[in-house]
Amino acid sequence: MSILLGCIADDFTGATDLANNLVRNGMRVAQTIGIPQHALNTELDAVVVALKSRNIEPEAAIAQSLEALEYLLAQGAQQIFFKYCSTFDSTPKGNIGPVTEALMAALGADFTIATPAFPDNGRSVFKGYLFVGDQLLSESGMRDHPLTPMTDANLVRVMQAQCQNQVGLIEYQTILAGADAISSRIADLKASNAKIAIVDAVTKDDLYRIAPALKDLPLITGGSGIAIGLPSNFGLQAHPTSSQLPPASGYRAIVSGSCSQATNLQVERFKSLGGEMYVVNPLELNEKSTEQMLQEILTWAKPRLPHGSVLIYSSASPDQVKEVQSQLGVQAAGSAIENLLGSVAKGLVALGVGQLLVAGGETSGACVKALGIDQMQIGQQIDPGVPWCYAKVQNKPLHLALKSGNFGAADFFTSAFSKL
C-alpha cells in the first residue's frame, strides 16, 4: 500500500472531521487511533492518524507527531497534513506552532500555511481574524473554554507567539484573485523570510481556490475545511460509494462530556423531547469511587436501553465548570470525568449498544481508548464535520459518531440515529 496523503490530527473528533471531508471528496480513508504498529492492508488514498496531543506538553506533542510522521512517510505519503481545531484551541503556550515547526524541519519544508477556516461550520478567517459565526473567536463561547480559553482572535498574533519563524498573512483579496495570485503571494512571503502564513477564507469556494496553490507544499496545516480541495490535487473526485457502511444494529446511546454551547443546546433539545437522561456530577468523584459511579450509571441505563436512546452527560455551564475545577483542579477534573465516561461507553456496549454518539473531543478520546478501537471506517456525514464511523469491538459491530463539542445542530442527539 502506498498512500497519497498522510494526516496527523491532534484529537480524535478532529481526525474524524478531517477523514469525513476527504471521503466526501473522493478519497478512500482509514482513521487510526494512535500510531499503528503495522502497515494497513487495505487499499487507501489517505490515512488519518488520530493523536490526543492537543492539551499535552509541547515536547510530548512534538514527539508523538514526529512518530506519526515517520509512520506516514513509511506508507508512501506524498504530502502531510497537520490538522487542528477550527476554533484554534491553543493558548500562547499551545502546541500548534511548535508541532508545525517540528514537522517542517523533519520534512525540510521552507513554507507552510495555517488556516482553521471551515465556512460550512461557521468558521471563517478575514484579515487574519477568526470568526465563529458572526462573532470574533475571542467573543464567542471559546473565551470560556476550560482548557484552552481563546482570548485573542488575531491568528497571526496567536501563531507568532508560539513560533520561532516569522508568521505572515495571505489576505482575502489575494484569495479572490485565485491560485496563481496565492502562489505569487507565497513566493513574496518566502522572499521576506516568512515561513508560515495564516490564510483568509470566508466561503467554501475560497477553500477550493486555495487548494491548487498548496499542491507542491510538503506540509499543510489547518482545520478540516481546507482539506476539501486536496483530493482534486491528486486527480480524485467525489464518489457516492466511498461512504457506505455495514447496516446498523443494537441499542442507541449518547455519552457527552462537552461543555460547549452547541452541546449544551443539544442536551436541552434532547431533554425537551422527553429523552432519558443521566447527569454525571463530577464532584461526586470526591465522594464515590469511579467503579461505584459506573455501576450506578449502568444500572440506570440497562432497563431503559430497549425502549430508546439514553443520554449520559456531564455537560455544564461555564460557572459550574469553574466550581468543579476549583475543587478538583483543572487537569484532575478533566481526567477523572473522561476516565469515567470512557468506562461508561465500554459498559454500554457490553449491554448491547451498537449505535453510540460521543460528544466532546477529550471524551471521544477516552471512549475510543476504553473500547479498544484502533481503526475506523468513515461513513455518511451527519452534520458538517461529523460522520458516522464503523468499527469492531471485541468482534462485535459498532457504529459510532465522535462529535467535537462545538459541532452539530441543536437536534443532533435525535436526528443522527435517523441517518444510519
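A cavity is a set of points, on a 1 Å grid over the protein atoms alone, where a 1.4 Å probe fits but cannot get out; its lining residues have an atom within 4 Å of a point. The model examined here is predicted, so local features need pLDDT of at least 70 and side-chain atom pairs count only at pLDDT 80 or more, whereas totals for chains, interfaces and linings use all residues. Residues are numbered from 1 along each chain as its sequence is written, and side-chain values use heavy atoms, with hydrogens and water left out.

The structure holds one cavity of 30 Å³ or more. Helices (H or I, at least four residues) and strands (E, at least two) are DSSP runs, numbered from the N terminus.

Thr 221 sits in strand β11 (residues 219-222). Thr 221 counts as buried because its relative accessibility is 0%; buried means under 20% relative accessible area (1.4 Å probe, protein chains only). The Thr 221 side chain makes a polar contact with the side chain of Tyr 84 at 2.8 Å. It also reaches the backbone oxygen of Ile 113 at 2.7 Å. A polar contact is a pair of N or O atoms within 3.5 Å; within protein, one must be able to donate a hydrogen and the other to accept it, and residues adjacent in sequence count only if both atoms are side-chain atoms. Beyond four places in sequence, Thr 221 touches residues including Phe 82, Thr 100 and Thr 115. Contact means heavy atoms within 4.5 Å.

Asp 383 belongs to strand β16 (residues 375-383). Asp 383 is buried but has no salt bridge, defined as a side-chain nitrogen of Lys or Arg within 4 Å of a carboxyl oxygen of Asp or Glu. The nearest side chain of opposite charge is Lys 419, 4.0 Å away. Lys and Arg count as positive and Asp and Glu as negative; His and the chain ends are not counted. A polar atom of the Asp 383 side chain lies 2.8 Å from the backbone nitrogen of Ala 409. Leaving aside neighbours within four places in sequence, Asp 383 contacts Gly 408, Ala 409, Phe 412 and Lys 419.

Notes: Buried means under 20% relative accessible area, exposed over 50%, partly exposed in between (1.4 Å probe, protein chains only). On a 1 Å grid over the protein atoms alone, a cavity is a set of points where a 1.4 Å probe fits but cannot get out, and a pocket is an open set with protein on both sides within 12 Å along at least five of seven lines; lining residues have an atom within 4 Å of a point. Grid points are joined across faces, edges and corners, and a volume is the space filled by probe spheres set on the points.
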